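Here is a friendly note to read alongside the model. Please keep the sequence and the 3D view open as you go through the points.

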Amino acid sequence: MKIKRILALIVFVNICVITTYAQQSQVIDKIVAVVGKNIIMQSDIEDQYMQYRLQGGIKGSASSIRCEILEDQLFRKLMLNQAELDSITVTDEQIEQEMEYRIRYFVSQLGSQEKLEKYYNKTMKEIRDELRTIIRDQKLIEEVQRNIVSGISATPGDVRDFYKSIPQDSIPMVSTQYEIAELVKKPPITLDEKLAVKDKLYALRSRILKGERFSTLALLYSEDPGSAKKGGELGFQGRGELVPEFEAAAFALKDGEISEVIETEYGYHIIQLIERRGDYVNVRHILLTVKVSPQALEMAYNSLDSIANLIRNDNITFDEAVKKFSDEDDKVNGGYLVNPNTGGTLFSAEDLDQQVSVVINRLDVGEVSNPVPMKTKNDKDAYRLLIIKKKTQPHKANLKDDYALIQQWTMQKLRQDAINKWIDAKSNKAYVKITDDYCDCDFQFDWNVNK
């Protein structure tokens, strides 16, 4: 558990845990530790302990878990202390943007702001105030972590040494992995279909200008499922976070102003500026998408069916067909699917989406599929052919077949070592005071508590 805890510092938790323990306990709060100017309260320990219990994460005695939680808190406060020493700062805009993102996430999970308030028994103002503090601390800690592990890389020698250091009976098993390529055919959308959607949006814009509420029409007509139920509101977004055409239009608006119809890769939008804070804007939008006609979809299917037959009859290779016929950007790398979890081209069965998994389970290596329906990255209907380029059998990890995976493990170890070394050095220099309640804890680090 301690190894996982140190590694967790590197990626740090991005999902905020809002305190619920205080609503359930009448324990009198008190300071249990101090790191520099930063204090740790008993409630901080109990809050996290309750979260472990709620998530089924309790392994070991309650006292040992609380000790590990306290050491987690000591790590965090030590990094906050370092952030202050290094004059690391976080802008209000960064905090507000992250806060709005998390509020939107919580609301999407619970259904409404009212349900969010009820769930945590707090007002939205109290939730936001608490989030601001949590987010500020997290961003400062993340910056300290980045400074600690910056410049670390795993050379081929590092990878070999790490692999050799693993006892033979402890080398992990690697499950079946696949390399999969695709050939995508996107049905064309006619000019008439585009103009029809633009006309609908201009009609909605006219209604808003005549006095109807933008948020009401967004709720009724917008095809962006994430924002429609919130009246089209996106929350604060910074420069570079929106697609270019949308961003240019949003930042050009004045408060309350409605944009002209804007085209992006997702469809057509009208935008209303709610508020601007420096390089961040909060806007509402209504999105209407151009639908692919059944006739165009049928043409795409038939085209791919013909291409698949050419490949099966050895008139063209799959790689040649991808270069010649595919409508997807990945044609430049042979149509290989990229695993979003690793950035590589290998997929375990767990990494594959359900539709792809069903198709490849019926294929042999080198066999091309029939046309398969799909959604493009901008949620348009299309078809594709799939082929298994490589398939490995379950095996013990080895440098020849699993170099990229072992390299990831090596990087994790190197970063862990850097974090451990930093904590070991700083914990002996910083002012640390821990109450007698936790004097029997078996901490991983000395913390120099008896100085």
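**Notes on the fold**

1. Let us start with a pair of helices. The axes of helix α6 (residues 124-149) and helix α15 (residues 403-427) cross at roughly 110 degrees and come within 9 Å of each other. Axes here are lines fitted to C-alpha atoms, for helices over the stretch in contact, with angles from 0 to 180 degrees between N-to-C directions. Helices (H or I, at least four residues) and strands (E, at least two) are DSSP runs, numbered from the N terminus. The two helices α6 and α15 are therefore roughly perpendicular, a label for angles of 65 to 115 degrees.

2. A word on the source: this is a predicted model, in which local features need pLDDT of at least 70 and side-chain atom pairs count only at pLDDT 80 or more, while totals for chains, interfaces and linings use all residues. Residues are numbered from 1 along each chain as its sequence is written, and side-chain values use heavy atoms, with hydrogens and water left out.

3. Which residues of α6 and α15 meet? From α6 come V144, I148 and V149, and from α15 come R415, A418, I419 and W422; contact means heavy atoms within 4.5 Å. The residues of this contact divide into six nonpolar, no polar and one charged. In this count Ala, Val, Leu, Ile, Met, Phe, Trp, Tyr, Cys and Pro are nonpolar, Asp, Glu, Lys and Arg are charged, and the others, Gly among them, are polar.

4. The largest nonpolar core has 47 residues, and L70, L74 and W447 have the most contacts inside it. Such a core is a set of buried Ala, Val, Leu, Ile, Met, Phe, Trp, Tyr and Cys residues joined through side-chain atoms within 4.5 Å. Buried means under 20% relative accessible area, exposed over 50%, and partly exposed in between (1.4 Å probe, protein chains only). Elements that each supply at least two residues of this core include β1 (31-35), α3 (62-85), α6, α15 and β13 (432-434). Helix α3 gives the most, with 10 residues. Leaving aside neighbours within four places in sequence, L70 is in contact with V32, A33, I40, I45, I434, Y438 and F443. Apart from this core lies another, of 18 residues, among them I307, A308, V368 and L385.

5. How many disulfides are there? The count comes to one, where a disulfide is a pair of cysteine sulfur atoms within 2.5 Å. This link joins C67 to C441, with 1.9 Å from S to S. The link of C67 and C441 is left-handed, with -75 degrees about the S-S bond. C67 lies in helix α3 and C441 in the segment after β13, so the pair ties together parts that are 374 residues apart in sequence. Both C67 and C441 are buried. C439 is in no disulfide, and the nearest cysteine sulfur, that of C441, is 8.1 Å away. C439 counts as exposed, at 53% relative accessibility.

6. I180, in strand β4 (residues 177-185), is buried at 0% relative accessibility. Among the residues that I180 touches are G335, L352, V356 and I387. T392, in strand β11 (residues 381-392), is buried with a relative accessible area of 12%.

7. Finally, step back to the whole chain. The chain has 15 helices and 13 strands, and 46% of its 451 residues count as buried.

Notes:
Parallel < 35°, antiparallel > 145°, perpendicular 65-115°, else oblique.
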